[in-house]
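Trainee: I would like to learn how to read a few features of a model. Please show me the structure and start with the general idea.

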Amino acid sequence: PPVQQPRIPVWAAAVVPHRAPLVRAARWDGLVLAGLDDTGGIDPVTPDRLRDALAEVGVVRGSLDGFDAAVVTPGRPSPADLEAYEELGATWVLATGWMEQVHELAEEEPPD
């Protein structure tokens with residue numbers, strides 16, 4: 001059996017603006033939110049998109065208490081976006097495409 005009780009946390013993936021995955025995520029413990037551009041590549045999840053997605057989840061759940069939200073972004077988000085994600089309740093930021101940006105990421109100081 002899992003060490004965590006009653007079970008391990010389950011996060012559901014969703015791509016904005018699709019509603020059904022948000023409703024599904026609301027039944028579980030968290031959301032991994034991504035956006036796609038017109039070519040199928042990863043598009044940054046803007047703070048507005050996160051706000052809308054969490055509002056939808058909150059309506060379905062009744063509360064966001066105990067709910068994790070991970071935002072998927074291509075590369076490192078701006079400091080302003082990081083601050084906005086945190087204020088909106090994001091608990092994780094997943095930077096993708098980092099292999100293409102490894103030199104840029106290595107040169108920057110991590111945020112506080």
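Mentor: Helices (H or I, at least four residues) and strands (E, at least two) are DSSP runs, numbered from the N terminus. Axes are lines fitted to C-alpha atoms, for helices over the stretch in contact, and angles run from 0 to 180 degrees between N-to-C directions. This is a predicted model, in which local features need pLDDT of at least 70 and side-chain atom pairs count only at pLDDT 80 or more, while totals for chains, interfaces and linings use all residues. Residues are numbered from 1 along each chain as its sequence is written, and side-chain values use heavy atoms, with hydrogens and water left out.

Trainee: At what angle do the axes of helix H2 and helix H3 cross?

Mentor: The axes of H2 (residues 47-61) and H3 (residues 79-88) cross at roughly 10 degrees and come within 9 Å. Angles under 35 degrees count as roughly parallel, over 145 as roughly antiparallel, 65 to 115 as roughly perpendicular and the rest as oblique. H2 and H3 are therefore roughly parallel to each other.

Trainee: Which residues make the contact?

Mentor: Contact means heavy atoms within 4.5 Å. H2 contributes Pro47, Leu50, Arg51 and Leu54, and H3 contributes Asp81, Ala84, Tyr85 and Leu88.

Trainee: How many salt bridges does the structure hold?

Mentor: A salt bridge is a side-chain nitrogen of Lys or Arg within 4 Å of a carboxyl oxygen of Asp or Glu. The structure holds three. One of them joins the side chains of Arg7 and Asp29 (2.5 Å, N to O). Arg7 lies in the segment before strand S1 (11-16) and Asp29 in the loop between H1 and S2, so this pair ties together parts 22 residues apart in sequence.

Trainee: Is Asp29 buried or exposed?

Mentor: Buried means under 20% relative accessible area, exposed over 50%, and partly exposed in between (1.4 Å probe, protein chains only). Asp29 has 19% relative accessibility and counts as buried, while Arg7, with 33%, is partly exposed. Residues that Asp29 touches include Trp11, Phe67 and Asp68. A polar atom of the Asp29 side chain also lies 2.8 Å from the backbone nitrogen of Val10.

Trainee: Where do Arg19 and Glu56 lie?

Mentor: Arg19 forms a salt bridge with Glu56, with the closest N and O atoms 2.7 Å apart. Arg19 lies in the loop between S1 and H1 and Glu56 in helix H2, so the pair ties together parts 37 residues apart in sequence. Arg19 is exposed, at 51%, and Glu56 is partly exposed, at 22%.

Methods: A polar contact is a pair of N or O atoms within 3.5 Å; within protein, one must be able to donate a hydrogen and the other to accept it, and residues adjacent in sequence count only if both atoms are side-chain atoms. Lists of a residue's contacts leave out its neighbours within four places in sequence.
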